[in-house]
Structures are given as structure tokens and as C-alpha cells.
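Here are my notes on the model. Please read them with the structure open.

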Amino acid sequence: MDSEVIEKFKNAVDDSNYIVFFGGAGVSTESGIPDFRSTDGLYNQKYKYPPETMVSHTFYVQRTEEFFEFYKDKMLFPDAEPNAAHKKLAELEKEGKLKAIVTQNIDGLHQKAGSKEVLELHGSVHRNYCTKCHKFFDLDYVIKSDGVPKCDDCGGIIKPDVVLYEEGLDSSIIARTIDHISHADMLIIGGTSLVVYPAAGLIDYFKGKYLVVINMAPTPRDKNADILINGKIGEVFSRL
Ligand code: NAD
């Protein structure tokens, strides 16, 4: 990562007043949460079924016990802390420069860093609801439950408010995302392989001045970037 590109990024941030950040699992790897598609990501570890299968709606319905076994073991990181990227993004929002974070992550680390306008396209592990009576449960309740988490009022199964494969995205979150992205003068895309749709398609609404891509591996949008940074996103933001 050369200093010239960081300088260019810095100057573009100074010149922008409506920054939107669009991120994915790569934003949290420096906080110790594995992503899906890196070499040490979940897709390259060996399971009985591929991870896409295990985090699908069908699997949740048909093999609920195995779903929760995988989910609790591989997708919950209650002790993870925000890294330099989460923290700098929260600072930029406080300064009034950044207007929204759109994330595919479900870990809640942007909020933990202090960000307010966080649009969670794929939900959050911190919200869980009884499928029968809709009572709310926090992450701690799910972690402490034995096997399949059950409602302490009615005995119904508790489902995490996480968008599983085969499930649709929340239309109001999509509308707010489109609104922010279409008003942005800078869109920073970071830590995402941009292969999960419809989420990745939302960046097409950007028509502002600076498209910035920060990722370790190449992405399908590298060719469109005004500023392309191949590197660790926490390191990049700590140099801003
Ligand atoms: P992905 O695993 O497909 O891609 C992650 C990308 O980030 C890769 O291209 C990788 O090269 C890059 N990357 C990894 N570490 C990085 C770093 N430190 N700095 C810069 N780039 C880095 O992730 P995705 O595109 O978000 O799609 C996967 C889906 O998995 C999402 O829908 C998300 O909901 C879910 N997921 C979420 C979490 C989380 O909440 N932390 C973790 C795993 C998966």
C-alpha cells in the first residue's frame, strides 16, 4: 500500500460531504471474525454441508438443530471489538462527513464503535425473535440456550433476525440504502467480494464523484474505482 494512494484517498475525503460506506465481512476480519471467501474464511473450511446450505432458510427449517450448532459455533463472536475501520467510520459520521454505513455484516460492530446510521442489509445477531409470539431476545439469551433456543414464555423456536439464503431483504432498509447511495458524493466499498446479490447491486445507484474500493482480493468493481486500494481496511483507515 503506497502512501500516494492514501494521500489521494485523504484529499478525496476532505473534498466530500456525503460519504456512504458499503461494507462486508472483510471489515471485521481484523476484529477476529472470519469472512466467507478468504483462504481462511468459512467457505474454505470443511463441514458436512457447504456453509451456503447451512445458513439457508431450508436448512433452518428442516435441520434446525444442526443449523443452530453451526450458527452458534461459527457465526457468533460476542467478544469481538471494533477495529480501526469501524472506529474511523464512526468518527467521520460524528464530523458530519459520513451519512450512512450500509453493511452486509451481522455482527453489530459498527454500532459498538458508535456509528448511528447503520443499515444492516442482512440483519443482526443481536436481534432474535420467538417465531410464535414474537417476543424479543438478545444475543446472550441465544448463546446461553442449550441447542435450539426456545422462548421462555411460549416455548416457540427463537429465530435470529438474520437474512438467510433464500430469504428476502427488508424493503425499507433497501429504500434507505438507495436514498443514501444516490445522494452520496463519495462511496467507499470495503471488505466485500461483491458477489452476494441483491446487496451488491445496490452500489449501482451511486452517481457521485469518488468511488473508492478497499479490498484485499480483487472485486468485480475494481475497474470502476477512482481510487483503488489493495490492503487491509483497518490499516488503511488508521492511516487516514
Ligand atoms: P466475503 O467473505 O464474500 O468477502 C470478504 C472480502 O473481504 C474478500 O474479498 C476479502 O479479500 C476481503 N477482506 C478480508 N479481510 C479484509 C481486510 N482486513 N481488509 C480488506 N479486505 C478484506 O464477504 P461478503 O462480501 O460480506 O459476503 C458474505 C456474506 O457473509 C455477507 O452477506 C455477510 O452477511 C456474511 N458474513 C458476515 C460476517 C460478519 O458479520 N462479520 C462474517 C462472515 C460472513
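In which helix is histidine 110 found? The answer is helix 6 (residues 109-112). Helices here are DSSP runs of H or I with at least four residues, strands are runs of E with at least two, and both are numbered from the N terminus.

1. Basis. This is a predicted model, in which local features need pLDDT of at least 70, side-chain atom pairs count only at pLDDT 80 or more, and totals for chains, interfaces and linings use all residues. Residues are numbered from 1 along each chain as its sequence is written, and side-chain values use heavy atoms, with hydrogens and water left out.

2. Histidine 110. Histidine 110 is buried, at a relative accessible area of 2%. Buried means under 20% relative accessible area, exposed means over 50%, and partly exposed lies in between (1.4 Å probe, protein chains only). Setting aside neighbours within four places in sequence, histidine 110 is in contact with Phe21, Val27, His86, Leu89, Ile101, Thr103, Ser115 and Val118. Contact means heavy atoms within 4.5 Å.

3. Strand 2. Strand 2 covers residues 98-103. Five of its six residues are buried, so the strand is largely enclosed by the rest of the structure. Strand 1 (residues 19-23) runs parallel to strand 2, and five bridges join them. Two strands pair if DSSP finds at least two bridges between them. Glycine 23 stands opposite threonine 103 of strand 2. Strand 2 also pairs with strand 3 (residues 118-120), again in the parallel sense, over three bridges. There, leucine 119 in strand 3 is the bridge partner of valine 102.

4. Salt bridges. The structure holds 14 of them. A salt bridge is a side-chain nitrogen of Lys or Arg within 4 Å of a carboxyl oxygen of Asp or Glu. Glutamate 120 forms one with arginine 127, with the closest N and O atoms 2.9 Å apart. Glutamate 120 is buried, at 10% relative accessible area. Arginine 127 is partly exposed, at 27%.

5. Helix 7. Within helix 7 (residues 139-144), aspartate 140 and lysine 144 are four residues apart, so about one helical turn separates them. Their side chains meet in a salt bridge (2.8 Å, N to O). Aspartate 140 is partly exposed, with a relative accessible area of 38%. Lysine 144 is exposed, at 63%.

6. A salt-bridge network. Salt bridges that share partners join Lys48, Arg63 and Glu66 into one network. Between arginine 63 and glutamate 66 the N to O distance is 3.2 Å. Arginine 63 is partly exposed, with 35% relative accessible area. Glutamate 66 is partly exposed too, at 24%.

7. Ligand site. Which residues come nearest to the ligand? Of the 27 residues around the ligand, these are Phe36, Arg37, Gln104, His122 and Ser193. A residue counts as near if one of its heavy atoms lies within 4 Å. A polar side-chain atom of serine 193 lies 2.6 Å from an oxygen atom of the ligand. For threonine 192, an N or O atom in the side chain is 2.8 Å from a ligand oxygen atom. Isoleucine 106 uses its backbone: an N or O atom there lies 2.8 Å from an oxygen atom of the ligand. Taken alone, the ligand exposes 860 Å², and the protein buries 95% of that. Accessible areas come from the Shrake-Rupley method with a 1.4 Å probe; for residues, only the protein chains shown count as cover.

Note on methods
A polar contact is a pair of N or O atoms within 3.5 Å; within protein, one must be able to donate a hydrogen and the other to accept it, and residues adjacent in sequence count only if both atoms are side-chain atoms.
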